[in-house]
Amino acid sequence: MDSPTVALHDSSHSEHPSYQRHHFVSMAQQKDSASFGMWLFLLTEIMFFGGMFTAYLIYRNWYYPAFVAGSHTLSIVLGTTNTAVLITSSFTMAMGVWCAETRRRGGLILSLILTLVLGLAFLGIKSVEYHEKWVQHHVPGLRFDAMTFVHPKAEPGQPVEPGLPLDMAQHTEVYFSLYFAMTGMHALHMIIGMGLLIYMLIRAIRGAYDNGNIAFIENFGLYWHFVDIVWIFLFPLLYLISRHQ
Amino acid sequence: MSAHEEHSSEEQHIVSPKIYVLIATALLVCTALTVAASYLELGAWNAVVALAIAVFKASLVVLFFMHIKYSSKLLKLTVGAGLFTFLILVGMSMSDYISRAWGSF
């Protein structure tokens, strides 16, 4: 706090950085309030995604063979790659927060760029997967054909899937609806996050965070890690747990 | 003021990059483990193992990447209360769904 780089607002007040709002007793209180508010927002986000997770669990119990067959059409390789990409982007963002805390402008800029690139890579791989769904007629409402599950085609290098009865095959549409709703909402959060990353990147290049006013970066870090956590649960539920049934 | 200064130096714990590297490595290893486990034939345990690993990974992210391990009691309680509420909502919905047909067989 006593470091000379901190711009002092008014020496007749008790000494504090210029970005401390006057209704806070101390910077510590201001920081606590900022993270507290961010966490409350993230908790509402957990409830929002939680609704979809619950719907997924209930429908999976209900239309179990359809969910197993739907899950088998996802690529484990692409899903695993995307998980690794997103975890790495969480790591680079954590490093960005550390650089901001220790006032390393160059390190912060690099971390934000890496996080942005990894976010783009995630969405790129996701769009490859979405495209595959389009080609295979697995997009509910727009381009869907339940017959692909009644008479499955043999995939190269894969054992032939047994066909489903027609009524159960039609319920794979529920699986894909939930798949697109959950991964789509997750992707929307990533797109919003990448917009914020670009905003922070521009501000960081201009030196806006050099004075230690980094609440925005810290709160964005919480948001980005939250998006990572959502994927940590989406990945096993959508891709992994139905492998063997 | 000096009391606040002491308070703030205690609150503003900066997590070191070493810990971030360690946690990121642990998360990647857990990802490899969960994928490997999905290729084993464990029956109903496949889902249990996958979700247990996911919960462990999420805890690492919350505690270290999101700094909850180093945060104030207020924040710890907030996160705990949120998770508790979440589990009540999901748990009650699921228990209602699972027990609907009880007694009718």
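# A tour of a predicted two-chain model

Begin with chain B and select B:D96 and B:R100, whose side chains form a salt bridge with N and O 2.8 Å apart. This is a predicted model. Of the two partners, B:D96 is partly exposed, at 35% relative accessibility, while B:R100 is exposed, at 64%.

**The rest of the salt bridges**

How many salt bridges does the structure hold over all chains? There are four, and two further ones are visited here, both in chain A.

Select A:K31 and A:E218 next. They form a salt bridge in which the closest N and O atoms are 3.4 Å apart. A:K31 sits in helix α1 of chain A (residues 27–62) and A:E218 in helix α8, so this pair ties together parts that are 187 residues apart in sequence. A:K31 counts as partly exposed, with 26% relative accessibility. A:E218 is buried, with a relative accessible area of 17%.

Now move to A:R105 and A:D210, another salt bridge, with 2.7 Å between the closest N and O atoms. A:R105 belongs to helix α4 of chain A (residues 105–135) and A:D210 to the loop between α7 and α8, so the parts tied together here are 105 residues apart in sequence. Both partners are partly exposed: A:R105 has 36% relative accessibility and A:D210 has 30%.

**The loop between α7 and α8**

Stay in chain A and select A:I214, in the loop between α7 (172–205) and α8 (215–240). Is A:I214 buried or exposed? It is buried, with a relative accessible area of 7%. To see what lies against A:I214, show A:A100, A:E101 and A:Y209, which are its contacts once neighbours within four places in sequence are left aside. A distance drawn from the C-alpha of A:I214 to that of A:E101 gives 7.3 Å, although the two residues are 113 apart in sequence.

**Inside helix α4 of chain A**

Next select A:T115, in helix α4 of chain A. Its relative accessible area is 0%, so A:T115 counts as buried. Show the backbone of A:S111 as well: its oxygen lies 2.6 Å from a polar atom of the A:T115 side chain. Beyond its neighbours within four places in sequence, A:T115 is in contact with A:S89, A:T92, A:M93, A:L197 and A:W224.

**An enclosed helix**

Select helix α2 of chain A, residues 64–72. Seven of its nine residues are buried, so this helix is largely enclosed by the rest of the structure. Which residues of α2(A) are buried? They are A:A66, A:F67, A:V68, A:A69, A:G70, A:S71 and A:H72. To see what covers these buried residues, colour the helices of chain A that take part, including α1, α5 (147–150), α6 (166–170), α7 and α8.

**Cysteines**

Select A:C99, which is buried at 6% relative accessibility. Then select B:C30 in the other chain, also buried, with a relative accessible area of 9%. A disulfide is a covalent bond between the sulfur atoms of two cysteines.

**Where the chains meet**

Finally, show both chains together and select the residues of each that touch the other. The contact involves 51 residues of chain B and 51 residues of chain A. Between them the chains bury about 4,300 Å², 79% of it on carbon and sulfur atoms.

Which helices of chain B each supply at least two residues of the side that touches chain A? They are α1 (2–11), α2 (17–38), α3 (45–65) and α4 (73–99). Select α4(B) by itself: it gives the most to this side of chain B, with 12 residues. Colouring the side of chain B that touches chain A by residue class shows 31 nonpolar, 16 polar and four charged residues.

Notes. Residues numbered from 1 in each chain as written. Chains lettered and ligands numbered in written order. Predicted model: local features only at pLDDT ≥ 70, side-chain atom pairs only at ≥ 80, totals over all residues. Heavy atoms only, no water. Contact = heavy atoms within 4.5 Å. Buried area = accessible area lost by both parts, 1.4 Å probe. Helix = DSSP H or I, 4+ residues; strand = E, 2+ residues; numbered from the N terminus. Nonpolar A, V, L, I, M, F, W, Y, C, P; charged D, E, K, R; others polar. Buried < 20%, exposed > 50% of the residue type's maximum accessible area, 1.4 Å probe, protein only. Polar contact = N/O pair within 3.5 Å; in protein donor to acceptor, adjacent residues only side chain to side chain.
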